[in-house]
Amino acid sequence: MGRCGAGKSSMRSIIFHNNVAKKTRDLEPTSKMQATSVQFLGNLHLNLWDCGGQDDSFNDYLTTYRNLIFKDVHVLIYVFDAISAELDKDIHYYQSCLESILTHSPNAIVFCLMHKMDLIQEDRRDMMFEKQKLELQVRSEPIQIQAFQTSIWDETLYAAWAKIIHCLIPNMNELQASLDTFCSICGADEIVLFEKTTFLVIANSASIHHPDAHRFEKISSIIKQFNLCTRKEGYSKQMEIKGSNFTAFFDSLTKNTSVLLIISDTDITSAATQVNIAAARRHFEKLEHVEAA
């Protein structure tokens with residue numbers, strides 16, 4: 001949810017329909033509500049309701065269709081336009097939505113995305129976001145929210161949506177534990193697990209500290225573009241990159257996931273890593289089957 005022009009449909013088209021940022025300008029504004037079923041990890045179906053942000057639509061959501069819109073909600077994603085001149089009005093609508101959520105879906109998880117942050121001067125973004133986040137947390141009480149700054153032009157969009165998806169995946173703890181074990185067996189510095197359709201980061205495991213907190217989302221964006229190229233040209237979905245002090249392996253892990261391994265130990269051969277990936281496939285496929293059940 002969010003006011004008209006906040007960027008809801010643009011981010012949805014990028015994450016779930018492999019659109020590119022520059023082509024989102026061609027999208028028509030969402031009228032009323034668009035309900036779609038999005039397939040994720042092969043077996044998980046997300047019922048995604050994209051709610052148009054016109055004033056008339058909001059009035060309908062909060063009156064006539066209140067029971068329909070806010071009942072049985074697992075996640076509410078409210079998108080704010082960071083440069084909107086009517087932010088106070090937007091917060092009023094947001095708080096009205098929270099009242100309906102508390103009544104009809106009190107266990108829903110609420111995410112607030114402060115969107116279009118690329119339009120704010122770079123050295124002011126973090127300070128402005130922290131101020132807005134603090135205000136939203138106060139205005140959202142007693143609901144505890146998670147807030148993110150986002151833009152369709154960089155990795156922040158992937159970072160926010162990865163966090164949203166995490167809370168929807170069953171068996172997440174077991175999946176993370178298995179990835180930690182896999183990382184140890186491979187002798188990898190780091191392993192990142194991606195969902196194959198969206199290339200959102202599902203989980204990651206690391207044996208070393210890395211200073212760049214946004215590296216997963218940058219990798220996600222890069223590899224998604226690689227995936228789109230291979231889909232068009234028919235190239236192999238495997239990739240090995242050798243650097244001066246590391247080797248990176250990108251490969252399919254299961255039907256619905258891809259994996260990236262970073263290894264700096266020169267004693268570990270490429271053949272050994274490929275054998276480990278092949279051996280892990282059956283275990284991770286079983287985990288997906290459990291999730292589906």
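View 1. With eight residues, S2 gives the most to the lining of the largest pocket. Strands here are DSSP runs of E with at least two residues, helices are runs of H or I with at least four residues, and both are numbered from the N terminus. A pocket is an open set of points on a 1 Å grid over the protein atoms alone, where a 1.4 Å probe fits, with protein on both sides within 12 Å along at least five of seven lines; lining residues have an atom within 4 Å of a point. The model is predicted, so to speak a computed one throughout: local features need pLDDT of at least 70, side-chain atom pairs count only at pLDDT 80 or more, and totals for chains, interfaces and linings use all residues. Of its 28 lining residues, the closest to the centre are Asn47, Leu48, Trp49, Val73 and Val75. At least two lining residues come from each of helix H1 (8-17), strand S2 (44-51), helix H3 (66-70), strand S3 (75-81) and helix H6 (156-166). By class, the lining splits into 20 nonpolar, three polar and five charged residues. For this count, Ala, Val, Leu, Ile, Met, Phe, Trp, Tyr, Cys and Pro are nonpolar, Asp, Glu, Lys and Arg are charged, and the others, Gly among them, are polar.

**View 2. One cavity of 30 Å³ or more.** A cavity is a set of grid points where the probe fits but cannot get out. The structure holds one of 30 Å³ or more, and the largest cavity has about 60 Å³ of space. Eleven residues line the largest cavity, and the closest to its centre are Leu41, Leu175, Leu193, Thr257 and Glu288. Helix H9 (residues 270-292) gives the most to this lining, with four residues. Seven of the lining residues are nonpolar, two are polar and two are charged.

**View 3. The parallel sheet S3-S4-S5.** Three strands make up this open sheet, in the order S3-S4-S5, with parallel pairing; two strands pair if DSSP finds at least two bridges between them. S3 and strand S5 (145-149) are the edges with a single partner strand each, so one side of each has no neighbour in the sheet. From one strand to the next, the twist averages 20°. Angles run from 0 to 180 degrees between N-to-C directions, using axes that are lines fitted to C-alpha atoms, for helices over the stretch in contact. Seven bridges pair S3 with strand S4 (residues 109-115) in the parallel sense, and Leu76 has Val110 in S4 as its bridge partner. Helix H4 (residues 87-104) packs on the sheet and touches S3, S4 and S5, its direction making about 175° with that of S3. Helix H5 (residues 122-140) lies across S3, S4 and S5 too, at about 160° to S5. Contact means heavy atoms within 4.5 Å.

**View 4. The antiparallel sheet S7-S6-S10-S9-S8.** This open sheet has five strands, ordered S7-S6-S10-S9-S8, and its pairing is antiparallel. Strand S7 (201-206) and strand S8 (239-242) are the edge strands, each pairing on one side only. Here the twist averages 10° from one strand to the next. Strand S6 (residues 190-195) and S7 run antiparallel, joined by five bridges; Glu190 is bridged to Ala206 in S7. Helix H7 (residues 172-186) packs on the sheet, touching S6, S7 and strand S10 (257-263), and its direction makes about 40° with that of S7.

View 5. Most residues other than glycine have a negative phi, and most peptide bonds are trans.

**View 6. Domain 1 and domain 2.** The domain assignment gives domain 1 as 8-167 and domain 2 as 172-288, with bounds that come from an automatic or database domain assignment. Their C-alpha centres lie 29 Å apart.

Notes:
Residues numbered from 1 in each chain as written. Heavy atoms only, no water. Points joined across faces, edges and corners; volume = space filled by probe spheres on them.
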